[in-house]
Each structure stands twice: as structure tokens, then as C-alpha cells.
Amino acid sequence: MAVTQDQDQRPEVPDGGPLLRVSGLEKHFPVRRGLLQRQVGAVRAVDGLDFDVRRGETLSLVGESGCGKTTTGRLVTRLIEPTGGRVEFEGRDITHSSVRQLRPLRRDIAMVFQDPYSALNPRHTIGTIVAAPFRIQGIDPPGGIRSAVQELLSRVGLNPEHYNRYPHEFSGGQRQRIGIARTLALRPKLIVADEPVSALDVSIQAQVVNLLEDLQAELDLTYVLIAHDLSVVRHVSDRVAVMYLGKIVELGDRDAVYDRPMHPYTVALLSAVPRPDPRGRGQRRRILLTGDVPSPLNPPPACRFHTRCWKAQEVCRTQEPPLAELAPGHRVACHFPENEPSGADAARVSDRVTPATLR
Amino acid sequence: MSIRDESRPFLDVRDLKVHFATDDGVVKAVDGLSFSLERGQRLGIVGESGSGKSVSSMAIMGLHRRAQITGEIWLGGEQLVGADPEQVRRLRGRRMAMIFQDPLSALHPFYTVGQQIVEAYRLHHDVSKKVARKHAVDLLGRVGIPQPSSRVDDHPHNFSGGMRQRAMIAMALANDPDLLIADEPTTALDVTVQAQILDLILDLQAEFDSAVLLITHDLGVVAEVADDVLVMYAGRAVEHGPTSELFAAPAHPYTWGLLGSVPRFDGGTGRLVPIPGNPPSLLNPPPGCPFHPRCRYRELTGGRAETERPQLRAIGPAHSVACHLDDAQRRRIVSEEVPTWL
């Protein structure tokens, strides 16, 4: 769904709109130098994002390191404060909420972290770790904290009797389950999972992916998944947003993005994924991007991908392509998209080329 | 003193065991591994953490200090197990070289990239620093680093992740090694950079006609690069065969499990079939087949899985498997239960 223009007039009906709405989101980290620590520049980690997260869906943010996907996750969970734009959760503006104002929000939005080794306090027992949300929020679950924790442990496939054990006694996959149990404690509506399986072995990855899918179905959860493994993303997502240097370059339904990618970067990214199918070796067209991702400290002007794009022309260096809806529910920021549906041409030209450039 | 046997394959590993003595007991990280590799061939070793794939490659390179290594490692007809460390040191770098997963910790942060390549080259070649430096510039150009004559004086922190990996490959190639061991060479890299580096390794391998041992957990990478695949579990080979055969007709329940655990990239979004349980402890490996506690088919072996260690046996011209299931059982399971991959 495209972002509607009347978002500010939207009535405060929590069940109607999207669960999370992000508009114009920016995060610029200052770069300071010298004795006086004067600001000499800014890392434009996230530079103007617009997207909605619908109830019950899984939206994945994909892209290479430095594209801003992790920063986006931390912004929408308000672990860090945006420098621009707006984040709304169930119609409430939480962009600049204070720590105190955010406290009730922490029940509704939770996060699963990548590294199951550093996300758990080694000096606390599993029981203490999973019970922490109850204590912090001052909640006394019916039946007591202990039984609530044990129920959570069994829900994520751990032995509830391991309540008194310490994190080091568990394997990586089990630790990730502990982190998920803690995340579920307060029955959140939205879970932001930042690379939840990338630190795990292949066979354990599949266990955790299945667990996340089961929990979504049972508890009616909404996921924002941040991941770089494009096979896992295809498996679990409803919609996919592809990011490059702090911007969304393509956003659409999973199958549309994977089967008919329009942005050249998405095409290159998908073609680079090694497939476990030796027959395709040498026959598949693989697009090799040259060079590295440019620095977000000083991103290329206009279309940020033009320095590595094989289709780039003059307009790409001078005019930034908007994230336009070129097919139903499929938005792309490119002047020369691939796999474009026929008939979209006219709309696109009128959409993009301003009278000034026509003359 | 060195022991020679010219009739052997270029790299020939026989019944390799690498054991570590710890306070808790002996960790059998590698426990009876055999394979061989000719020049111009690429062998992929796959397995999960703790399967012994990295420990084996470190043993070939002679990089273990406190390990009890037994068995045989023959490189170009020279026996490396029990050889004089000085003899192995002469081979290391010149005849065999290694690319590590994390270039930032494999390159020295204090020295420039050029100095590190020059050092590696002059260790085995009696040339002036000037000549060696020119060689370093050539190598950096060969691995695709732009403006090599100026980048040669940069420190590793000035390079991006992909460029560092290229610099490390340049260093590994400095002495034109016959055997290149790449231990998870692209795991720390983004997917577009991974594609560049894999292509680079393939190009260089073809050009130098070297043997490549590729260690990875990524079945996709193996399918793209390797001629043959060796699947390791708990310090042993459980399956070994040509890449195409291994993906078309995998034979070991663990291989089935690995393939079922990976989401299909091209669509099929059915539920994943993970391997239940966790990898075993190498201090106390399970008796019999080390995979039996996680194996769905152990009941079919009439109790042998729990008591008898299966040996690698041939099921095809170049395909072997260490499993008690008989051929008929295996064929039935592959055709009826294992998700088809090809």
C-alpha cells in the first residue's frame, strides 16, 4: 500500500490503520573532530524512509552492511531518537517520546537481537532474564512470575525446569530461544528482529525460523525482520524492503520483489546469492557489481546507486528518483527500472519528469 | 628427515586425528578423516561449528601447537605429520597458503598491506625489497584492487572488508602456492562482494592450476564452487562425492537434514525441516554413529546405529557414505521423504 497523504488527519482508531507508520525517517550521526569537537559532517545512516507495517505481516528490511537497516530497527523501537521524520505506532506519534513516555510502549514493541551470546547477562539465571520485563514494568502475571516464565520457556521449546541455569550452559540456538522468550513476556504487538538467525548453524537456524513462524501464527505477532540472508527473507516475509545507503530503493510483496525485481540494485543483489544447485553453475546470469558501497558520510548525489549501476545515465546523477508505485503495491526508486509492467510508462514519465526538465 | 612418496595424490590425508587434551578430558576434534585432492581440483568441506572442518585445515597447515595429531598428511609426496616444524614452515606459504574468514584479524594492523606481502614473498624468495614491492603491487592489481601502486602503502584499516579480503588473497598467492585453503573466505562479506571474491578465487585457481580446499557452512557457496564435497559431522566425514551427485542424490541423513534446513531461494516456501537436537559434545561423543541421537532413521538400522560406528563405504564410482542404512532403504527415503533439491 502506498503512503497516503492524509496521514495527519487520520482518526485515532487503533485497529484501522497500519500498526507502524514511518514517514521521512532520518538519522544522521554527527562526526566530530578536533579539540572543540566541532561537527564536521554527518553519517547519513538513514536518510528519508517511508513505509507502513501492517498488522500480522512480516516486513523484512534487506541490504548490505552500512545500508541503515539496523539503524532503522533501532529507530522504530525508539532505542535511538530520529533526527528527522516521524514514527507512529498505532496512530500515536512516538518520534520524540521521552524515556518515561516510552515505558508503556515497551510492552508493545520488543526486539530480538542478533548475538545470543552478548544479549543475555551471564550472571543472571534464565529465570531472572526472562522475568526481567515483568519486574521492570511492575506486572504481576496471574499465577505468579515463576509460572509465567516457565510457560514462556516451554512455549519456545526449552525445558521449564532449566529456570535456574545460567546462559553459558546453553547452546547458541537455545540462547536465541531464551532471548525470544524474554521478548514474548509482555505479549508485544510488534517484534523487531535484527538478524535473529545469522549467528546460528544451519540446522539450528531452521529450528528458530520455524519457531518464529509458529509464534506469529499463535500470538498474532507482527514482525519487522532485519536480515541479510536473502533465502531466509524470502522464506519468512510477506513484504520486503530493499535498502541501499540509507534509502529504500524497492518495496513490495515478497514474490514481486524476488520474481520481478525492478531496481537494478535488487536485481544485482538477488543474482549474487549462491544457490545450492550445482546445475545452474555458469548458466545463471550473475551481475557483478564493481567496487564497494560508497561512504554514507558523503553519499553520491541524486540516485545513490548510480556509481555502481550499469544503467546509469545523466539524469541519475542529477535528479533523485522518487519511490514510485510502478505496479500495485510495488514501489521502486529508479529512473530506468527493470521488469517494468507494460503501460506503466506513461504514468511514470508524468510522475517524474518535471516541466523544467522537459524543456 | 623427511619421508617421501611420490606416487600419492597431491594432497592425501589418511586417518587424520587431531585431539586436544583439556582439563575435562580429550576433545576429539577430528577423529579419523581421509580424503585426497589433486591439483586443479576444488574440494568443499561443509559442516556446522565444531564439526572439525577448520581444525583439519589448520592441521594440514601445521598451525596447531598443543594438539595430538596422528595419521598421515601427504602434500606433494611429503609426509607432514611428525615432520620437522622447520620443514613444514618452508612449505607453508610457498606450497600451501590459507585465506582466513576474518581479514581484519589475519592482517597486522601496524604494517602496511605492502609490507606484509613483501615479507611473505621474501621469506621464500631471495630478492631485494624493491623487487618484492613490485611483486606486491602486481599482486594487488591481480586481485582487483584499484590503483595498486598507491594502495600498497595503505594500512589494513584503510581498506573496506572486501578489499581486505582481496589483500589477504594477494598475500596468500604471493608465493604461487600449489594448495590454497580457504576457510570461510566469504562468510564475513556482503553477498555482492562474496560473488566478487568467489569469482576471483575461481579465476586464480584456473590460472595457477592449484588445488583449492574450500571450507564453508554455506551449501550455496559449495554448489557454486566445488567439484567435490565432503560433509563432516563430529570430526568425521559422513559423506563424500561429486557436487552434482551430492545435491541430486544425497545419501546421509545428516546431509538430508542440512538440505532440508536451508530455505529454497527460488520459491518453495514450505515449512523447513530442521535437524532436531544439537551437535554432540566432542568430549563425550555418542557411541556408535555420532549422528544417531538426531537421526530420524536410526530405528531402521536394527540397533547398529547405537552401537557400531559406520565406516565410509562406496555407493557409487566416487560417492561414499558412512551410514548403516542399506541401499534399498536409502533409495526409498530419498525418493519418498527427502525434499527434492534438483
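Conventions. I number residues from 1 along each chain as its sequence is written, and letter chains from A in the order in which they are written. Because the model is predicted, local features need pLDDT of at least 70 and side-chain atom pairs count only at pLDDT 80 or more, while totals for chains, interfaces and linings use all residues.

Entry one, the contact. I counted residues as in contact if their C-beta atoms, placed from the backbone, lie within 7 Å, and found 36 residues from chain B and 33 residues from chain A. On the side of chain B that touches chain A, the largest share, 6 residues, comes from α8(B), helices being DSSP runs of H or I with at least four residues and strands runs of E with at least two.

Entry two, the sheet. I looked up an open antiparallel sheet of 4 strands in chain B, in the order β2-β1-β4-β5, where two strands pair if DSSP finds at least two bridges between them. β2 (25–37) and β5 (78–79) of chain B stand at the edges with a single partner strand each, so one side of each has no neighbour in the sheet. Strands β1 and β4 of chain B pair over 8 bridges, and B:Lys17 has B:Thr70 in β4(B) as its bridge partner.

Technical notes:
Two residues are in contact if their C-beta atoms, placed from the backbone, lie within 7 Å.
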